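Student: I would like to learn how to read a structural model with some care, taking one feature at a time. Could you take me through the general idea of each feature and then through the case at hand?

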Amino acid sequence: MKLDLEESNVITKIENVQLEDRSNSKIKTAGLLYLTISHLVFIETNSKREIWIYYSLINSIEKLPLSINGSPILIRTKHFLNCLFIISKERDCQTLVQVLNQYSRPTKYHELLCFRENSHLKKLLDSTHKNNQQIYHLESEYARMGLPNNKWTMTNLNSDYQICDTYPNVLFVPASVEDKILQSSANFRSRGRLPVLSYLHPNGASLTRCSQPLSGFNGRCDEDEQLLQHILMTNENSKFMYVVDTRPKINAMANKAQGKGYENETNYKNIQFHFIGIENIHVMRNSLDKLVKCADSSSNSSFLTELEKTEWLKHIKAIIDTSVFLVEAINDQNTSVLVHCSDGWDRTAQTCALASLLLDPYYRSIHGFQVLIEKEWLLFGHKFSHRCGHLFENDKEISPIFSQFLECVWQLQLQFPCAFEFNETYLIKLHEHVYSCQFGTFIGNCQKERNDLKINELTYSLWDYFQSKIYDFINPLYIPNSVYSNSVLRPDTRIFSFKFWRSLYNRFDSTINHSEKLIDSLSMLSYNTSSLQEYSKLLEKRCAQLKKLIQLNKNDENVLIDLSEDDFEKIEISDKNENEKKSFEKKLTLDEISIDFNSIDLNWKSTRKNCVCYEPFDFASSKLNCSRCGEILCETYLPFSTHLSHSISPHLEQFNFELAKSNGS
Amino acid sequence: MDFMDLIEMPRVDNVKVYRQIQNYELNQLVTQKLFGSLNLTSHHLIFITQTDLQKPREEIWIVHSSIDSLEKNVTEAKFQLMIKCKNFQIYFVDFPTAYCCNSIHKSLESLSNLTTENMKLPFFCQTISKINQEDWNFYSIEKSYKRFFPNEDSSEWRISEINNDFKISPSYPKKVIVPKNIDDQALIKSSQFRSMGRFPILSYYHKKTNSFILRSGQPLLGSSNKRCKEDELILKCALPKGKQGYVYDLRDASILKTAVSKGGGYETEVNYPLWKRINKHMDRFDQLHISYSKLIDACINSSTQFFYKLDTSAWFYNIRQALYLSFLIADEIHNKNGCFLIHGWDGLDNTLLISSLAQILLDPESRTLDGFIDLIEKEWLHAGHPFSKRYFKSAFGTTPQKQEGPVFVLFLDCVRQLCEQFCLSFEFNEDFLIMLFDNLYTSEYGTFLGNNQNEREQLLVSSRTVSLWTYVKNEENIKKFINPLYKINDDVIWPSIFTQSLSLWSNLFLRFQINSKPNDEAKKEIVKLVETNLQVKIKVEKLRNELLELQKEAIDAGVLNSENY
């Protein structure tokens, strides 16, 4: 057993459980189920394989009709792991459902995992500060765009969230506008979400965002109209601006009856109004449900027809199409755009974030992408806890809006393999942890709520965790200054350019995913290169020392030379333990040379080999080479390695203690 | 007949040509309009743009045989010809008068449908490079035999030259591998009992388990229920003790009655007691042609219901089925005790597809560039796949005889799916497969001429044309076809056959519609990563040697000791 289960507070244990293979119902593996306060753990009897599922990731628990073998129970997770357990005793099955219902449905924020003591994360992230989330100041991101300037200014009008509790406390608005106008505009907009700056292009065209106006059938607000004029005036290059309503027209019309709606073109001067037609959260939720079923029925011969019926890729296309429209307006026509949907926190967040990503290569770096998510999603109040169902509340609020954004980015990665600093694994892990509740980053629905929950003080940040594993996430093909990635990305949005995201939706189906993962071999190749480069430096140094020894001997000097000082700057590249290093400072010995000499294996095993621990299971788990012996190790194996001689390449040493069984595998 | 007889108007001026090209800055398809003159030569349609001070002169060369279909659209105001090429490129040509339009149309119809092998392009392209006999003789059956049976004496198989004059089976090569204790007379008898004289011959021998794949044509049972003792003997002798024989009949069981009534049939259990017959459906080549046309139609008119159209084209069904059947065969051969005889109707199409795919899964050698070329020679060219008939038309065209069927295209697509799933295990890359596709329909090289070895010999292909492998082996060209990440994989590969695991071959089927630049950039980057890695390895190796030498020198000089010493 790889992890001490006692430590994890076992509630109960269920014996005689069978796990049915999802691709072949004839294949069943026998094992034990452990229910702890935080995990469901399945341990196979005949192998070392273990499946760990966080309760927070459980999406549905479904009891299927009784079979001869027992009671089947299908557990689906939010990161698309589907497990069908067959439990021999009906009573055990009831216990299971009862415990899961009790523990997997927290109703208060403070019951969530991220607020619990986590010895593992503590060990991993102790050196960093818990409140690292604060490194993303909105001001510094706007400063990067050259703000404030004579056109745009920062306002503290919302410093206590008094005009809009779902916006950040710092807002950027046209410099020429008075507070009174902002205040009135906020009153005229749904939930006070007035038009504010999202992104400023170097050509002066701006991307602003807001919620729908409370116009009803013929309501209007003079100040709101003025605010738009002020926004228009900040851009000297265009005489008009676009107002984009990302909803289908019919939805917007329906809102009119409730006193909401859209801007009347005749009331606002010099605006061009556009409906684009991205469907609402309910349509997206249903579409994902269909997609999951479609991906799950893996033997389904009419997969493509089923895929068509889910309309999922049509929705993804609509989001990218809209973003491309924004990009063309801003970049090609030098024209500002104001974007909204209903409340301006779902479709608006998707399209503004994606348009920024297409416009500015900075957002395609790892750091920039995190800034983008902080800004457009977290600070502008995308309701993560509602949309991801962190708490057991209203199911109708759940919708894969942020997941769709991640998928759009993945589709772009496919089309532009060299344009992004981060890889597919980064997106898959991000997707998982938006739901996992292990980190505080995505808990709550807006900045104000996170402040009230003291997220920064009480929880760990996902960004810090990612930073500690950064080598898993780097795209080895990234070219920061390439012709195709140093400027605007122009994706092909014809339907055949959109692919089914197999490694996410079939992430845990090893029979469906490809056996040889390109990304792993490329990453490994670049790790190998960099560790060999450092190794060659070590060898060069040793050669120089020996030469000096021989030289000095020839000069009839006395032999035992002190080799510290300038010959011996500390060499930190060897992948050996710290204590082995001290002997360098005394004298050079044959043993040392041979230890150094053998510290790296030149021929690393190819990634097609599986980890020495067990069969592949999670497609997103990365493989690494032990630099000493060249063996393949997977990330979940490392923390339990008793094979102490394994060591991953020098600059990866810090990850030797890896997050324990966190990822459901 | 002379080419000139077919050309009424060798030149037409004031012609407009439209084609879709990719604008890489805008990442959009744009229609490019060109003005100029159109010229017909014996093998090419050449369009030359008018000289203009601003624009340099542009030329478009279209080989006649690369034209798949022509559609004339003549109205009062417009005299247009749509030219659809076999590689999926489409041109629109506007003529100044209806008369020229009609005349050019007529000429192109004839020139692009020439069936006389002797008039085909390779015979007029001897100058592209020197004819190299070695490349024509790249493959030999002796080479295969040696690979399968390194020790000839202990082998139960022999090479028979019974078909030396192509009389027994016109579509078989001169030499074939058969069980050692079957004499040539028995082979002759068996050939009379098999469709197109294609008696059972050895296709692949799996050394690791001593299992094998045979292939043949269907047995000619007929309604009189004929049997052939010699044929039965071949199968009996071939099967070693302890092995289970399987006849893989690539036709649906429901169709067997029809086959019998037409004089064909299947191996009956009574007469072949050691062999278990399994019927597995594969779409026949003519159905596959329909599937292919639907696939390309979906790719070209992709706006609505794209995935649904892809699905109904059945192309993915065929890929899955082909990979699935080869997977089953490989599993039996490698993990169990199965030996196989594969056939369908004549054993010219799906039989070759399945046997060659199974070999790619089983045999690491066939995943190298040379091994793959050997496989194409052995399982397709020498095995008598009718290249000339099957690839006379591509996705847009048909002939009344309906002999087209892109079985080899399906094969290439299956291999590409495998290359994608096993990105480290193949020595050649996707570009190599696309190059093969391009030469399949229209080529300057003689390799894919004719329908079998017999026809190629009669046409004197090897002395009158250049081999495609001469082009491939050229130092400059070969670089383009090598997968930089290739590392030999001695294991059998087990592909995933779920539709999710498969992908549309966009670099081929969408080649004139997608922007390939970002992907080319990534490919270059991969090559760079591999090269840098190699450089640093060489450096480390050098330093290690240097260090060892210095160490020795230091020990000799007595300045270096082991700590424990």
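Student: Let me begin with a single side chain: is A:Arg387 buried or exposed?

Tutor: Please keep in mind that this is a predicted model. The cut-off for a buried residue is under 20% relative accessible area, and A:Arg387, at 4% relative accessibility, therefore counts as buried.

Student: With which residue does the side chain of A:Arg387 meet in a salt bridge?

Tutor: The general idea is that side chains of opposite charge can pair when their charged atoms come close. Here the side chain of A:Arg387 meets that of A:Asp346 in a salt bridge, at 2.7 Å from N to O. The pair links distant parts of the chain, since A:Arg387 belongs to helix 12 of chain A and A:Asp346 to the loop between strand 14 and helix 10 of chain A, 41 residues apart. A:Asp346 also counts as buried, with 8% relative accessibility.

Student: Turning to chain B, which residue forms a salt bridge with B:Arg215?

Tutor: That residue is B:Glu379, and the closest N and O atoms of the pair are 3.0 Å apart. This pair, too, links distant parts of its chain, with B:Arg215 in strand 11 and B:Glu379 in helix 12 of chain B, 164 residues apart. B:Arg215 is buried, with a relative accessible area of 4%, and B:Glu379 counts as buried at 0% relative accessibility. Over all chains, the count comes to 55 salt bridges.

Student: How many salt bridges are counted between chain A and chain B, and what is the area buried between them?

Tutor: The size of an interface is often given as the accessible area lost when the parts come together. For chain A and chain B the buried area is about 6600 Å², with carbon and sulfur atoms giving 65% of it. In terms of contacts, 76 residues of chain A are in contact with 70 residues of chain B. The count between the two chains is 2 salt bridges, and B:Lys539 forms a salt bridge with A:Glu540, the closest N and O atoms lying 3.6 Å apart. The interface also has 21 residue pairs in polar contact, counting pairs with both residues at pLDDT 80 or more.

Student: Which helix of chain A gives the most to the side that touches chain B?

Tutor: Helix 19 of chain A gives the most, with 21 residues. The residues of that side of chain A divide into 37 nonpolar, 25 polar and 14 charged.

Student: How should I read a nonpolar core, and how many residues has the largest one?

Tutor: In soluble globular proteins, nonpolar side chains tend to be buried together. The largest nonpolar core in this model has 239 residues, and those with the most contacts inside it are A:Phe369, A:Phe405, A:Leu430, B:Phe372, B:Phe411 and B:Phe509. Helix 9 of chain A gives the most to this core, with 11 residues. To look at one member in detail, A:Leu430 is in contact, leaving aside its neighbours within four places in sequence, with residues including A:Phe369, A:Ile373, A:Phe402 and A:Trp463.

Student: Finally, where is B:Ile131 found?

Tutor: B:Ile131 is found in the loop between helix 2 and helix 3 of chain B, and it counts as partly exposed, at 26% relative accessibility. Not counting residues up to four places away in sequence, B:Ile131 touches several residues, among them B:Gln126, B:Trp136, B:Ser462 and B:Val466.

Key. Residues are numbered from 1 along each chain as its sequence is written. Chains are lettered from A and ligands numbered from 1 in the order in which they are written. Side-chain values use heavy atoms; hydrogens and water are left out. Contact means heavy atoms within 4.5 Å. Buried area is the accessible area (1.4 Å probe) that two parts lose on being put together, summed over both. A salt bridge is a side-chain nitrogen of Lys or Arg within 4 Å of a carboxyl oxygen of Asp or Glu. A polar contact is a pair of N or O atoms within 3.5 Å; within protein, one must be able to donate a hydrogen and the other to accept it, and residues adjacent in sequence count only if both atoms are side-chain atoms. Helices (H or I, at least four residues) and strands (E, at least two) are DSSP runs, numbered from the N terminus. Ala, Val, Leu, Ile, Met, Phe, Trp, Tyr, Cys and Pro count as nonpolar, Asp, Glu, Lys and Arg as charged, and the others, Gly among them, as polar. A nonpolar core is a set of buried Ala, Val, Leu, Ile, Met, Phe, Trp, Tyr and Cys residues joined through side-chain atoms within 4.5 Å. Buried means under 20% relative accessible area, exposed over 50%, partly exposed in between (1.4 Å probe, protein chains only).
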